[in-house]
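Below is a set of questions about a predicted model. Each answer sets a value against its cut-off.

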Amino acid sequence: MSFFSFGQSAEIDVVLNDAETRKKAEHKTEDGKKDKYYLFYDGETVGGKVNVTLKTPGKRLEHQGIKIEFVGQIELYYDRGNHHEFVSLVKDLARPGEITQSQTFDFEFTHVEKPYESYTGQNVKLRYFLRATVIRRLNDISKEMDIVVHTLSTYPELNSSIKMEVGIEDCLHIEFEYNKSKYHLKDVIVGKIYFLLVRIKIKHMEIDIIKRETTGTGPSVYHENDTIAKYEIMDGAPVRGESIPIRLFLAGYDLTPTMRDINKKFLRYFKHWEITLWRKGDVVRKSMSHQAAIASQRFEGSAASESALDSQNCVKLCCNGIF
């Protein structure tokens, strides 16, 4: 609206060129709900049109310029006043002047670098959006449109198994083994648990998938643990020499890839048995081969500027027993 509700005003709409054919992906919003957004990958071009519709036809709209921005931004919830932009591109659509009728402006951001995956967590949000603005002396008119970015990886060359021994001296000795340490989001965790010594009564055993989110640096570090899944693997008392197979399907859970040192703003870390998750493309297209190569180089994490953001996943073995 214009000053004191006098003068001309307008509505802005952003429309993607391939809106009818582009795939959408579900993404969690800040209030915990899920919505669908247009899906993009690293290196893809983002183009479309900005429609400026005058509210009062025939009446002129004076402006100081019209522009559109493509922004990649990290917002820490405890520091909402400051937005950390790691991608900021601007296209000028019109020079200062006036509009006497509704107009449409074309735009294109070619082969845009989108280095990190979209993420909404407990204390942090990483988002990509387009923002169209009609610049005015007293109050700008603007419209934002969010998109979702997924990062794809290729199968890691080094993917060693996980083997560990845990227990209580002279009471319980357990050895466990998982077939690998890196899994894509629709993979299956396969493993076994061996009972080498059992001198206590175990009532229950389960595997938990836990996500830990760490935001900030130095004295302003916040840790949040979120249990994604609980999977019961035993109900009853095992005996010495017994082994229990593990087969945990990941596709049914709401998981995100492991992220390390995201623009030095957030990260994930675990003191338990950490596994690494990565996103596998459903169909590998020739045009995406270069993007997948770039994403695979970032698979083990990346570093950029100021402070730290990281997100990790782990599998934890829980035993409830009577001593």
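Q: Which residues are linked in a network of salt bridges?
A: Glu 69, Arg 127, Arg 131, Glu 144 and Asp 146 form that network. A search of the whole structure finds 17 salt bridges.

Q: What makes the contact of Glu 30 and Lys 125 a salt bridge?
A: The N to O distance is 2.9 Å. The cut-off is 4 Å, so the pair qualifies. Glu 30 lies in the loop between strand E2 (24–28) and strand E3 (34–41), and Lys 125 lies in strand E11 (residues 124–134). The two are 95 residues apart, so the definition of a strand aside, distant parts of the chain are linked.

Q: Why does Lys 125 count as buried, and why is Glu 30 called partly exposed?
A: Lys 125 has a relative accessible area of 16%. Buried means under 20%, so Lys 125 is buried. Glu 30 has 39% relative accessibility. That value falls between 20% and 50%, so Glu 30 is partly exposed.

Q: Why is the contact of Arg 60 and Glu 98 called a salt bridge?
A: Their side chains meet at 3.1 Å, N to O. The limit is 4 Å, so the contact counts. Arg 60 sits in the loop between E4 and strand E5 (61–63), and Glu 98 sits in strand E8 (residues 97–99), 38 residues apart.

Q: Why are Arg 60 and Glu 98 both called partly exposed?
A: Arg 60 has a relative accessible area of 47%. Glu 98 has 41%.

Q: Why does Lys 182 count as buried?
A: Its relative accessibility is 14%. The cut-off is 20%, so Lys 182 is buried. Lys 182 is found in strand E15 (residues 182–184).

Q: What makes the approach of Lys 182 to Leu 158 a polar contact?
A: A polar atom of the Lys 182 side chain lies 3.4 Å from the backbone oxygen of Leu 158. The limit is 3.5 Å, so the distance passes.

Q: How many aromatic pairs are counted, and why is the pair of Phe 70 and Phe 109 called tilted?
A: The count is 6 aromatic pairs. For Phe 70 and Phe 109, the centres are 6.1 Å apart and the planes are at 45 degrees.

Q: How do you know that the charged end of Arg 22 is within reach of the ring of Phe 40?
A: The charged end sits over the ring, 3.8 Å from its centre. The distance limit is 6 Å.

Note on methods. Residues numbered from 1 in each chain as written. Predicted model: local features only at pLDDT ≥ 70, side-chain atom pairs only at ≥ 80, totals over all residues. Heavy atoms only, no water. Helix = DSSP H or I, 4+ residues; strand = E, 2+ residues; numbered from the N terminus. Buried < 20%, exposed > 50% of the residue type's maximum accessible area, 1.4 Å probe, protein only. Polar contact = N/O pair within 3.5 Å; in protein donor to acceptor, adjacent residues only side chain to side chain. Phe/Tyr/Trp six-rings, centres within 6.5 Å; stacked < 30°, edge-to-face > 60°. Lys NZ or Arg CZ within 6 Å of the ring centre and 35° of its normal.
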